[in-house]
Amino acid sequence: MAERPKGFALFRAALTNRKTAAMLMLGFASGLPFVLLIGTLNAWLGELKISLATIGVLSWIGLAYAFKFLWSPLVDRLRLPLIGGLGQRRSWLILCQGLLALSLWGLAATDPVAAIGSFAGIAVVAAFLSATQDVVIDAWRIEIADDTATVEFLSAVYQLGNRLSALAGGALALVLAARLDWPTVYIGFGFAMLAALGATLFLPEARRDAADAAHPLSGHSVPERRKRAAALAIVAICWGWAILVLGNFMVSALQPPVPGVPGPSAGDFTRMQGPWIIVATVIIPALVAGWTRRLPQHQGGGEKMGGTRAAADHCYRALILPLAEIVDRLKWGAILVLALILLYRIADSIWAPFAFPFYLDFLGYSNDEVAFASKLFGVWMTIAGVALGGYMLAAWGRMPTLVAGGAVAALSNLLFADLALGGPTIDAFMHMVALDQIGIDVRMMRLLVAICGENIAGGLAGTAFVAYISSITAREYSAVQYALLSSMTFLVGALGRAATGEAIDKVGYANVFYVTAGLGGVAVLLVLAEWWRSTSAAARVKEPDVSPV
């Protein structure tokens with residue numbers, strides 16, 4: 001009998017590794033609260049006829065996932081009392097999962113119509129806990145990897161667990177809600193988080209790099225300590241101001257209306273405060289980071305320090321160093337790169353919270369129909385889009401694929417504009433290719449065509465975007481730069497969601513989809529400009545030196 005190849009033996013060993021099962025469970029535990037809070041919750045609110053403006057404001061809880069790098073140093077350093085003996089990673093996971101179960105039960109026990117403020121407060125806490133759990137899981141995945149269960153293999157298993165949770169928290173939740181009620185569904189998923197907590201008790205604890213924990217700036221070129229402290233203080237004040245402004249508006253917007261007194265306008269807030277929030281969270285930190293690279297540098301680490309100093313250095317490494325390296329390397333090109341990152345996914349991200357209200361309430365599809373079309377059929381179409389993106393990256397290259405992804409993502413919004421107007425163009429397309437003759441209800445087929453186009457476009461654009469972000473990260477800072485840059489993709493879309501909900505209430509879905517398609521077009525123009533910039537920069541690097549000797 002022929003000997004099996006070594007690669008197969010390693011794959012089989014990885015599959016049967018205890019860490020693989022743990023990673024699958026953690027991937028599920030990570031994805032479940034995300035889909036329940038960012039997507040499925042809006043189906044519940046839409047069913048109760050909560051205004052789209054309110055749903056838009058409530059969607060800001062998703063900013064917890066964009067801002068999670070801010071408190072990741074604290075999670076990395078702080079040892080929890082009482083349960084800290086279980087291990088740094090395991091104790092934080094148990095805390096987050098236990099409180100997430102309580103939060104889901106709290107949502108189930110709160111009436112969104114009578115107490116939308118309390119409901120929103122619980123959702124904010126749950127999103128913060130979910131984002132914190134993601135920070136811990138990301139660190140555990142890297143630290144627990146070995147020669148058998150490699151970090152690449154564990155990352156793939158994590159994505160599988162995430163996809164399973166999307167099916168459970170999306171499709172299964174919709175099907176159950178049609179037969180039970182939403183509070184019962186959330187109670188059930190609270191018990192699912194409790195089951196994850198039970199499994200976490202048996203996780204292998206990760207091995208941590210003690211030298212890195214004690215000296216987080218070791219090996220990095222940094223300015224002297226007081227200048228670092230000043231830079232960190234400026235960035236912290238800017239982020240603190242932005243979070244305070246967002247939180248204050250969210251609280252005021254969700255207060256019960258006072259008769260005869262107009263409520264706060266999300267559109268006005270986005271126009272007046274949105275640009276300043278971008279300045280505070282992106283532009284000023286980038287300028288501060290660039291300033292730190294102009295200061296005299298020395299190699300960090302080596303000196304003795306207490307826990308507070310080490311935590312400050314962790315924050316500096318997470319918040320300042322990634323941007324400083326990018327600004328120093330790209331110079332003025334960093335402005336274009338940051339603008340591209342902020343706007344590339346805006347065409348699909350800005351309306352994401354309104355997908356379920358659009359399908360269920362505006363178009364009148366049933367929970368079962370939306371569960372099949374969006375969460376089952378749509379998943380396979382996303383996979384097809386990812387595969388197409390991978391093929392195009394290999395055949396065309398990174399920048400052409402990035403242009404194509406941005407263009408189709410913007411154009412897919414026109415599909416939904418057509419759907420909002422009754423689907424005349426989609427119907428004409430179905431008739432042309434005989435899709436209306438295959439025996440499926442025409443109304444259902446119309447939804448499938450729109451979701452097919454949107455999910456393939458999203459999978460393609462997402463694949464191209466991940467490849468682009470990965471290409472501009474420096475090897476020395478790859479993990480922290482990727483986390484920081486990918487978090488920025490949430491920012492503009494999340495800020496615009498409250499205004500989007502208000503606009504839908506005023507001018508309707510179709511007109512808003514035309515606007516989001518136009519915003520996607522702006523992103524494509526930025527990609528073309530970045531293509532020209534990067535090509536010109538590469539040409540200058542390759543230019544031979546012809547100066548006289």
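Helices here are DSSP runs of H or I with at least four residues, numbered from the N terminus. By that rule, Ser470 sits in helix α22 (residues 442–472). Keep in mind that this is a predicted model.

**Exercise 1. Get your bearings: how many helices and strands are in the protein chain, and what share of its residues is buried?**

Step 1: Count the elements. The protein chain has 24 helices and two strands.

Step 2: Look at burial. Of the 549 residues in the protein chain, 52% are buried.

Step 3: Check the contacts. Among those with a separation of 6 or more, 84% link residues 24 or more positions apart.

**Exercise 2. Find which residues touch the most other members of the largest nonpolar core.**

Step 1: The largest nonpolar core holds 158 residues, and Tyr186, Phe358 and Tyr359 touch the most other members. Helix α2 (residues 18–47) gives the most to this core, with 14 residues.

Step 2: Zoom in on Tyr359. Leaving aside residues up to four places away in sequence, Tyr359 touches Trp351, Gly364, Tyr365, Val370, Ser374, Phe416, Leu447 and Ile451.

**Exercise 3. Is helix α15 mostly covered or mostly uncovered? Work out its salt bridge too.**

Step 1: Eight of the 10 residues in α15 (residues 321–330) are buried, so the helix is mostly covered. Among them are Leu321, Pro322 and Leu330.

Step 2: Find the salt bridge. Arg329 pairs with Glu325, with the closest N and O atoms 2.8 Å apart.

Step 3: Check the spacing. Both residues lie in α15, four residues apart, about one turn of the helix. An α-helix has 3.6 residues a turn, so residues three or four places apart point the same way.

Step 4: Glu325 counts as buried because its relative accessibility is 10%, under the 20% cut-off. Arg329 is partly exposed, at 36%.

Step 5: Walk off the end. After α15 comes Lys331, whose phi is positive, near 55 degrees.

**Exercise 4. Which parts does the salt bridge between Asp313 and Arg228 tie together?**

Step 1: The two side chains meet at 3.5 Å, N to O.

Step 2: Asp313 lies in helix α14 (residues 307–319) and Arg228 in helix α11 (residues 225–253), so the pair ties together parts 85 residues apart in sequence.

Step 3: Both Asp313 and Arg228 are buried.

**Exercise 5. Where do Arg533 and Glu530 lie, and are they buried or exposed?**

Step 1: Both lie in helix α24 (residues 509–542), three residues apart, about one turn of the helix.

Step 2: Glu530 is buried, at 2% relative accessibility. Arg533 is buried as well, at 19%, because the cut-off for buried is under 20%.

**Exercise 6. Which residues form the nonpolar patch on the surface?**

Step 1: Leu411, Leu414, Leu421 and Tyr514 form the patch, with about 400 Å² of accessible area together.

Step 2: Leu421 counts as exposed because its relative accessible area is 54%, and the cut-off is over 50%.

Notes. Residues numbered from 1 in each chain as written. Predicted model: local features only at pLDDT ≥ 70, side-chain atom pairs only at ≥ 80, totals over all residues. Heavy atoms only, no water. Patch = residues over 30% accessible without salt bridge, like charges linked within 9 Å, V, L, I, M, F, W, Y side chains within 5 Å. Areas by Shrake-Rupley, 256 points an atom, 1.4 Å probe, with all protein chains shown as cover. Salt bridge = Lys/Arg side-chain N within 4 Å of Asp/Glu carboxyl O. Buried < 20%, exposed > 50% of the residue type's maximum accessible area, 1.4 Å probe, protein only. Core = buried A, V, L, I, M, F, W, Y, C linked by side-chain atoms within 4.5 Å. Contact = heavy atoms within 4.5 Å.
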